[in-house]
Number of protein chains: 2
Amino acid sequence: MTTTTLQDCQSLDEQDPLRPLRDLFLIPEGTLYLDGNSLGAMPRSAPARVADVVTREWGADLIQSWNKNGWFAQPKKVGDKIARLIGADPGTVVATDSTSVNLFKVLSAAMSLAATDTPQRKRIVSERSNFPTDLYIAEALCKERGFELVLVEPEDIAAALSSDVAVLMLTHVNYRTGAMHDMPAVTAAAHAAGALMLWDLAHSAGAVPVDLTRAGADYAVGCGYKYLNGGPGAPSFVWVNPRHAERFWQPLAGWWGHATPFDFTPDYRPAPGITRYQCGTQPMISLAALECGVDTLLAADELGGMAALRKKSLALTDLFIGLVDERCQGHGLGLATPLNHAQRGSQVCLTRDEGAYAIVQALIARGVVGDFRAGDGARHKDILRFGFTPLYIGFEDVWTAVEHLREVLESGEWKRPEFNTRHAVT
Amino acid sequence: MTTTTLQDCQSLDEQDPLRPLRDLFLIPEGTLYLDGNSLGAMPRSAPARVADVVTREWGADLIQSWNKNGWFAQPKKVGDKIARLIGADPGTVVATDSTSVNLFKVLSAAMSLAATDTPQRKRIVSERSNFPTDLYIAEALCKERGFELVLVEPEDIAAALSSDVAVLMLTHVNYRTGAMHDMPAVTAAAHAAGALMLWDLAHSAGAVPVDLTRAGADYAVGCGYKYLNGGPGAPSFVWVNPRHAERFWQPLAGWWGHATPFDFTPDYRPAPGITRYQCGTQPMISLAALECGVDTLLAADELGGMAALRKKSLALTDLFIGLVDERCQGHGLGLATPLNHAQRGSQVCLTRDEGAYAIVQALIARGVVGDFRAGDGARHKDILRFGFTPLYIGFEDVWTAVEHLREVLESGEWKRPEFNTRHAVT
């Protein structure tokens with residue numbers, strides 16, 4: 001095995017056709033940002049676009065903006081852009097509300113569908129290490145409707161698909177480990193077992209190629225502020241396979257999902273298609289920032305789109321894994337992320353029996369921003385999580401990050417008290 | 001009856017102690033904005049504050065902002081500010097999600113409470129002319145839970161409070177007519193009948209004094225983008241009387257409502273108090289604009305607060321009603337808003353058998369921005385709606401608005417084709 005050098009990394013950057021895309025972002029000087037999986041970096045276009053929405057659209061055009069500046073259509077306009085990243089047809093995605101709220105909508109809809117078509121099916125299956133809010137929402141709905149939530153380890157999913165399962169609900173890329181499910185295969189398995197398939201794309205939309213239509217999935221939600229670079233708390237998105245969109249409604253039946261909201265009729269009549277998954281008025285300023293973020297991904301279209309981004313993402317995570325292996329030997333680091341490309345998202349998660357939190361803090365103090373996720377003291381160890389967003393991370397960045405990690409470990413600086421004081425984490 | 005003159009109006013402005021507050025807003029030159037009841041005007045502080053959130057908090061501080069810039073606490077911080085405007089204790093209000101979503105939460109909670117305490121009560125009573133999204137959400141929840149939604153006219157509410165009513169759900173100030181309920185009396189009547197009382201404050205928070213605690217109400221929601229001036233689609237707010245806050249949970253049980261969200265446990269354990277009414281991550285950029293809006297109302301504190309704002313609001317609406325009566329006689333205008341101060345919000349709604357839509361359009365073309373609400377062809381006539389926000393509307397503005405209305409009616413310019421082409425309205 002040949003040793004990778006800084007020069008190798010620099011020449012990979014020089015040959016990288018996606019390199020110009022990093023200029024779409026403003027990354028602070030001195031920061032090496034490996035946390036785009038938690039909060040995407042700010043697109044260079046966002047400040048001016050947001051200022052325009054505030055000053056011109058709100059301040060000057062005032063109430064007329066609902067029509068004049070397209071505010072009403074904005075959730076569907078942004079939804080159509082996101083659709084291009086996840087293999088969805090135009091008019092089947094809407095950008096609205098939070099991921100938790102959207103999950104509530106589609107899981108409600110799926111449970112209603114199951115209650116009619118397959119009333120004997122009363123189980124929702126998910127992964128125990130799914131992102132917790134997904135589990136909380138599912139737990140609440142199961143409690144409301146007399147369903148049972150069954151949580152299993154990833155390797156036990158297939159066996160859990162018994163004849164009483166109504167919905168299989170999974171996050172495509174695991175937030176802790178970066179492990180990715182085989183979407184077409186898992187969807188096919190769910191369908192073969194007679195269950196509906198619901199995907200949370202929080203860590204995959206904009207990070208890996210997704211083709212919901214080809215996989216034949218039933219429902220999906222995803223996050224606007226991670227790989228879509230939509231800004232803090234950006235609205236989420238929701239997709240429903242057109243074959244279900246008009247069957248049943250979801251109980252968050254607000255006026256934006258009404259067929260004719262401005263008739264102000266007292267009775268609810270759901271709009272056709274994905275529109276009925278809207279509920280109330282959306283935060284237009286945050287939605288404008290989300291559109292800037294989605295546009296950074298669409299800017300890759302001429303350079304090969306999500307396929308090219310994926311190729312670079314894998315090269316980046318391969319490089320990181322390889323360099324950690326070469327240069328950080330003997331420091332007790334483990335790898336929680338699969339080596340197999342087909343099972344890897346766009347992040348790498350390292351483990352360590354002790355000090356994971358402090359090492360992350362010491363790296364942040366050096367300007368290398370990753371994050372920490374606590375283990376459970378059993379199956380899951382503490383994790384050092386590093387996201388590699390191919391839009392703005394380069395190969396030399398990977399080299400530099402690993403060098404900092406090596407220095408933090410070799411110097412023992414992570415043992416300093418200031419790196420060992422816990423505060424709330426994201 | 002003496003005739004009011006322009007000079008009278010100008011001298012009222014000169015004597016108005018709240019006059020300086022209009023400098024807190026940037027209103028476009030040439031616009032007389034009487035639609036703050038639909039979308040509040042932009043606070044002068046909003047562009048810089050929003051730019052700071054985008055450029056410094058998101059762009060520079062990135063993920064660290066969750067702690068460093070207080071993003072996690074923002075919904076409760078803004079909630080505490082709103083609490084001061086609605087007679088709520090600190091720690092009992094949270095600014096989050098949309099009004100429709102928040103209504104779903106509190107109505108769910110109320111129905112759960114009733115199902116345990118008074119299981120024989122299976123009715124929700126509301127007003128037929130309540131804002132439709134409230135009725136849609138109630139309709140959905142009734143369908144889900146086997147309740148019945150009973151819609152009545154305002155004069156029939158008392159009679160509808162039978163022994164099978166679980167919740168009385170009303171909007172404090174009617175969006176179409178500006179008619180205001182007597183909150184303490186109606187709340188007491190609901191309680192006397194054994195029902196819970198839920199208020200929607202969309203057209204009253206920031207518009208009229210509200211004291212939820214003194215009224216002893218059970219639940220309330222309200223809008224951030226109307227009289228709170230929070231910007232298009234600003235997050236809404238939700239209040240729960242502390243006596244209920246920890247009884248039962250609402251099914252939108254997302255991670256922001258968890259007792260320890262960053263333990264990432266698979267089981268939901270609701271946080272104490274109002275925190276459990278949070279669900280998912282909130283749009284921080286829009287939330288910052290909302291705080292600017294709420295601050296414009298708190299700026300009135302030293303000048304007499306909501307009581308002083310109310311006094312001016314009534315003087316403005318009295319003046320408008322009086323001037324329309326004096327100067328627009330013989331043009332077929334009626335008044336849908338109560339003359340009785342105790343029953344009037346901060347808007348005045350005029351009726352006309354024909355041409356209401358076109359008259360509003362002709363006024364907008366003159367820079368006088370009100371809005372139109374269609375009637376139902378029966379009880380409710382078409383409405384010309386004018387909101388009077390005492391923070392930025394003056395007495396001469398009222399004179400000017402009425403003069404434009406008179407000229408539009410006398411000249412017949414509203415009959416022009418361009419004012420009679422309908423488009424989507426807000």
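Colleague: In strand 10 of chain B, which residue is the bridge partner of Gly334(B)?

Modeller: Happy to start there, keeping in mind that this is a predicted model. Strand 9 (334–335) of chain B pairs with strand 10 (residues 347–351) of chain B in the antiparallel sense, over two bridges. In strand 10 of chain B, Gly334(B) has as its bridge partner Thr351(B).

Colleague: Which strands are the edge strands of that open sheet in chain B?

Modeller: The open sheet has four strands, with antiparallel pairing, in the order 9-10-13-12 of chain B. An edge strand pairs on one side only. In chain B that describes strand 9 (334–335) and strand 12 (371–373).

Colleague: Let's move to chain A. How many bridges join strand 5 and strand 6 of chain A, and in which sense do they pair?

Modeller: As background, strands of a sheet pair through backbone hydrogen bonds, either parallel or antiparallel. One bridge to look at links Arg123(A) with Glu148(A) in strand 6 of chain A. Strand 5 and strand 6 (residues 148–152) of chain A are joined by five bridges, and the sense is parallel.

Colleague: How do the residues of the side of chain B that touches chain A divide into nonpolar, polar and charged?

Modeller: In this contact, 73 residues of chain B meet 73 residues of chain A. Helix 2 (46–60), helix 3 (65–68), helix 5 (99–117), helix 6 (132–145) and helix 11 (284–298) of chain B each give two or more residues to that side. The copies meet through the same surface, because 100% of the interface residues of chain B are also interface residues in chain A. On the chain B side, the division is 47 nonpolar, 20 polar and six charged.

Colleague: Which residues does Leu107(B) contact, leaving aside its neighbours within four places in sequence?

Modeller: Leu107(B) belongs to the largest nonpolar core, which has 291 residues. Among the members that touch the most others are Ile86(B), Leu107(B) and Val167(B). Beyond its sequence neighbours, Leu107(B) is in contact with Ile137(B), Ala138(B), Leu141(B), Val167(B), Met169(B) and Leu198(B).

Colleague: Which element gives the largest share of the side of domain 1 of chain A that touches domain 2 of chain A?

Modeller: Chain A is assigned domain 1 (6–44 + 305–419) and domain 2 (72–298), and 29 Å separate their centres, taken over C-alpha atoms. In the contact, 28 residues of domain 1 meet 24 residues of domain 2. Helix 12 (305–327) and strand 12 (347–351) of chain A each give two or more residues to the domain 1 side. The largest share, four residues, comes from helix 12 of chain A.

Colleague: Is Asn229(B) buried or exposed?

Modeller: Asn229(B) is found in the loop between strand 7 (219–222) and strand 8 (237–240) of chain B. Its phi is positive, about 60 degrees, although it is not a glycine. With 30 other C-beta atoms within 10 Å, Asn229(B) is buried.

Colleague: Where is Leu62(A), and is it buried or exposed?

Modeller: Leu62(A) sits in the loop between helix 2 (46–60) and helix 3 (65–68) of chain A. Its phi, near 50 degrees, is a positive value in a residue other than glycine.

Methods
Residues are numbered from 1 along each chain as its sequence is written. Chains are lettered from A and ligands numbered from 1 in the order in which they are written. This is a predicted model: local features need pLDDT of at least 70, side-chain atom pairs count only at pLDDT 80 or more; totals for chains, interfaces and linings use all residues. Two residues are in contact if their C-beta atoms, placed from the backbone, lie within 7 Å. Ala, Val, Leu, Ile, Met, Phe, Trp, Tyr, Cys and Pro count as nonpolar, Asp, Glu, Lys and Arg as charged, and the others, Gly among them, as polar. Two strands pair if DSSP finds at least two bridges between them. A nonpolar core is a set of buried Ala, Val, Leu, Ile, Met, Phe, Trp, Tyr and Cys residues joined through C-beta atoms within 7 Å. A residue is buried if 20 or more other C-beta atoms lie within 10 Å of its own, exposed if 12 or fewer, and partly exposed in between; C-beta atoms are placed from the backbone. Domain bounds come from an automatic or database domain assignment.
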